[in-house]
Amino acid sequence: MAFPIDHLFTVTTDREAARAALAGMGFKLTERGEHPGRGTSNHLMFFGRCYWELLAIEQPGPASALLGKATTLMGCALRTGDAARDAAAAARLGASAGATEPVTRPVRVDGQWHTARFTIAPIGPAAPADVYFFFCQHLTPELVWPHERVVHPNGALRLKALYAVGPSGSSAERTLSVLLGSGRFRVQSTSRTEAPPHLAGLAFQVEDLDRCAAYLTKQRVPHRTDGREIQVLSDTVAHPIVFTAQ
C-alpha cells in the first residue's frame with residue numbers, strides 16, 4: 001500500500017537566505033506564512049498535486065527536534081481525506097501512529113486574511129528513519145492550493161522522484177516503501193552506517209532541460225549536467241536538487 005504525497009519540507013534556520021537561494025534557482029515561492037505558537041514560518045512551491053515547503057525554524061519549539069539530522073529534507077506529509085482512518089491503516093502496516101492534532105495558520109488570499117485549517121497525524125516508519133512523516137488532511141484546501149497553475153521560471157512541472165539514502169540501498173527502500181510504496185524514490189547506499197535511512201534530495205521534471213540550464217547559468221547558480229539531468233548543490237539548502245527532462 002502506498003499513500004500519496006501531499007507535500008515535502010526542507011528545514012532551515014535562515015529563511016531569507018534559503019528563500020533567496022531557491023528563488024535564484026527559478027522556483028516561484030509564496031509569500032511568508034506563519035504557524036502561530038510553533039515558532040516556525042514557511043514559503044511554499046507548488047507542482048500540480050504536490051508542493052514543497054521551505055520550513056524555517058525561527059524560535060525554539062517542537063520543530064527544533066528536526067535540526068541536526070542527516071539531511072535538511074526532513075519531512076514528508078501524506079495526503080489524506082481522513083487522517084485518523086489512514087493513520088490506523090498505516091499502523092496495520094507496522095508503522096507507529098500518533099494522535100490526530102488540529103493545526104491552523106493564517107493565509108492571505110486576494111488581499112484578505114483567512115485561517116487555513118488542517119488535521120495532522122504523525123506516523124513513524126516501521127524501522128528507524130530520519131524522516132518526519134505525518135498525514136495531512138486539508139480542511140480548507142481552497143485557502144492553500146492555487147486556483148491556477150503555477151509557472152516556475154526554471155520550467156519545473158512536477159516532482160519526479162525522491163532520493164533516499166541509507167546504510168544500504170535495500171534498508172532505505174524497505175524502511176520508506178512501507179508508507180511511500182516502491183518506485184517513487186531512487187535509492188542510494190552510503191558508508192555512513194551510523195545514519196539511518198533518510199530522504200536526501202528531490203528531482204523535478206522540467207519542460208526543457210536546455211532552457212533550465214540556460215536559466216541557471218544566467219542566474220549564476222552553480223550546477224553540473226550529467227547526461228539528461230542537471231544537479232544543483234546549494235550550501236544554503238544543503239541537499240541536492242535535480243532537474244530532469246523525463
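Thr-115 is partly exposed, its relative accessible area being 46%, in a model that is predicted rather than experimentally determined. The residue is placed in strand E8, which spans residues 112–124. Leaving aside residues up to four places away in sequence, Thr-115 touches Thr-104, Arg-105, Thr-140 and Leu-143. For one of these contacts, Thr-104, the separation along the chain is 11 residues, and the C-alpha atoms of Thr-115 and Thr-104 are 6.4 Å apart.

Aromatic side chains form a second topic. A pair of aromatic rings is described by the distance of the centres together with the angle of the planes. The structure holds 13 aromatic pairs, among them that of Phe-46 and Tyr-51, which is tilted, with 5.2 Å from centre to centre and 50° between the planes. Phe-46 and Tyr-51 are both buried. Tyr-51 also pairs with Trp-145, in an edge-to-face arrangement with 5.2 Å from centre to centre and 70° between the planes. Because Tyr-51 belongs to strand E4 (residues 50–57), whereas Trp-145 lies in the loop between strand E9 (132–138) and strand E10 (156–166), this pair ties together parts that are 94 residues apart in sequence.

Notes. Residues numbered from 1 in each chain as written. Predicted model: local features only at pLDDT ≥ 70, side-chain atom pairs only at ≥ 80, totals over all residues. Heavy atoms only, no water. Phe/Tyr/Trp six-rings, centres within 6.5 Å; stacked < 30°, edge-to-face > 60°. Buried < 20%, exposed > 50% of the residue type's maximum accessible area, 1.4 Å probe, protein only. Helix = DSSP H or I, 4+ residues; strand = E, 2+ residues; numbered from the N terminus. Contact = heavy atoms within 4.5 Å.
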